[in-house]
Amino acid sequence: MTVKSIQVYDQLKSILIGLSLITLLNGCLPTATPKSTGQGSTEPTRDDNLALGNPSEASISDPNNYLLVKSAYVLSYSRSRGIANWVSWHLSSAWKGDSRRTNDFRPDPTLPTDWFTVRTSDYTNTGFDRGHLCPSDDRDSSPEDNAATFLLSNIVPQAPRHNREVWKSLEDYERQLTTTGNEVYVVAGTYGAGGTGQNGYATKLANGNLTVPATLWKIIIVLPTGSNDAERVSTDTRIIAVNIPNNQTAADKPWRAYMTSIDALEDLTGYNFLSNVPTGIQRIIEARIDGGNS
């Protein structure tokens, strides 16, 4: 073998040894774990309260469709009616805890200062309860979360038996759903004027500044606990929708007696529910009336 051949051989040998060492070292290094995208997560989380859509396209530019974003819920408020048009919130076990009910009913300080502001005294001796749209018991993970539900922008004049019986039963049921592997999105709102409380029929309180709604309605969207919720709504998703007259005798029947469809509520209110869900899926599930699955 010539001197030149020996030199080439030694160079090739060095290269092969180097490559072998690199391969060996790479095999000993820990493999990088891809970052989780959240797909398929089954851990209960606190998700966007408006994840499925803004039903009335509420914004801060319209005083009668005025958007108020709270940490515990989102709502559309009507200046002329003195109550919310609707309140939207997410509910999972991540929102639940053992904080006590604060009973801290108070005016909403985030409303424009030149608007009429509802006070607790506006309900005194009216025969109507201060009825929650987003319930206190849906937000008991902390005193702050619970206190947020007592802002009077989340409260409406509600017939006492309606509030304490049929409406409460539905609220209990929505919480029960989250104990069996589900999370829910809820939109609750008001329609019309004129309800019957303990003192009889009324359309307005507080010298005409506070409207007594004719009905209270609610939509509950039930999903298995997971992530990317709007993308997971399908034609099989369970939808519960009710519209309950705001009077004392409404409590003579269970909430299931008042079930309706989202389509019917859209016709009634003019809103577009589930606007972040594909229209083909909306078309199917919004026409359906729940069959009362447990």
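This is a predicted model: local features need pLDDT of at least 70, side-chain atom pairs count only at pLDDT 80 or more; totals for chains, interfaces and linings use all residues.
As a reminder, most residues other than glycine have a negative phi. The loop between β9 (204–205) and β10 (210–211) also holds A206, and the phi of A206 is near 55° too, again positive without being a glycine. Is A206 buried or exposed? A206 counts as buried, because its relative accessibility is 17% and the cut-off for buried is under 20%.

Now let's step back to the whole chain. The protein chain has six helices and 12 strands. Buried residues account for 50% of its 294 residues. If we take contacts between residues at least 6 apart in sequence, 71% of them join residues at least 24 apart. The accessible surface comes to about 14500 Å², and carbon and sulfur atoms own 52% of that.

Next, the aromatics. The structure holds seven aromatic pairs. One of them is Y173 with W255: the ring centres are 5.2 Å apart and the planes are at 40°, so we call this pair tilted. Y173 belongs to helix α3 and W255 to the loop between β12 (238–245) and α5 (262–269), so the pair ties together parts 82 residues apart in sequence. Both Y173 and W255 are buried.

Then there is W217 with F273, where the centres lie 5.3 Å apart and the planes meet at 70°, so this pair is edge-to-face. Here too distant parts of the chain are linked: W217 is in strand β11 (residues 215–224), F273 is in the loop between α5 and α6 (279–285), and 56 residues separate them. W217 is buried at a relative accessible area of 0%, and F273 is buried at 2%. I'd also point you to Y66, Y77 and W115, which form one aromatic cluster.

The largest pocket has a volume of about 330 Å³. Its lining has 17 residues, and the closest to its centre are R101, R130, H132, N163 and E171. Which element gives the most to that lining? That is α3, with six residues. β4 (129–132) and α3 (160–177) each supply at least two.

Note on methods: Residues are numbered from 1 along each chain as its sequence is written. Side-chain values use heavy atoms; hydrogens and water are left out. On a 1 Å grid over the protein atoms alone, a cavity is a set of points where a 1.4 Å probe fits but cannot get out, and a pocket is an open set with protein on both sides within 12 Å along at least five of seven lines; lining residues have an atom within 4 Å of a point. Grid points are joined across faces, edges and corners, and a volume is the space filled by probe spheres set on the points. Helices (H or I, at least four residues) and strands (E, at least two) are DSSP runs, numbered from the N terminus. Buried means under 20% relative accessible area, exposed over 50%, partly exposed in between (1.4 Å probe, protein chains only). Contact means heavy atoms within 4.5 Å. Accessible areas come from the Shrake-Rupley method with a 1.4 Å probe; for residues, only the protein chains shown count as cover. Rings of Phe, Tyr and Trp (its six-membered ring) pair if their centres lie within 6.5 Å; planes under 30 degrees apart count as stacked, over 60 as edge-to-face and the rest as tilted.
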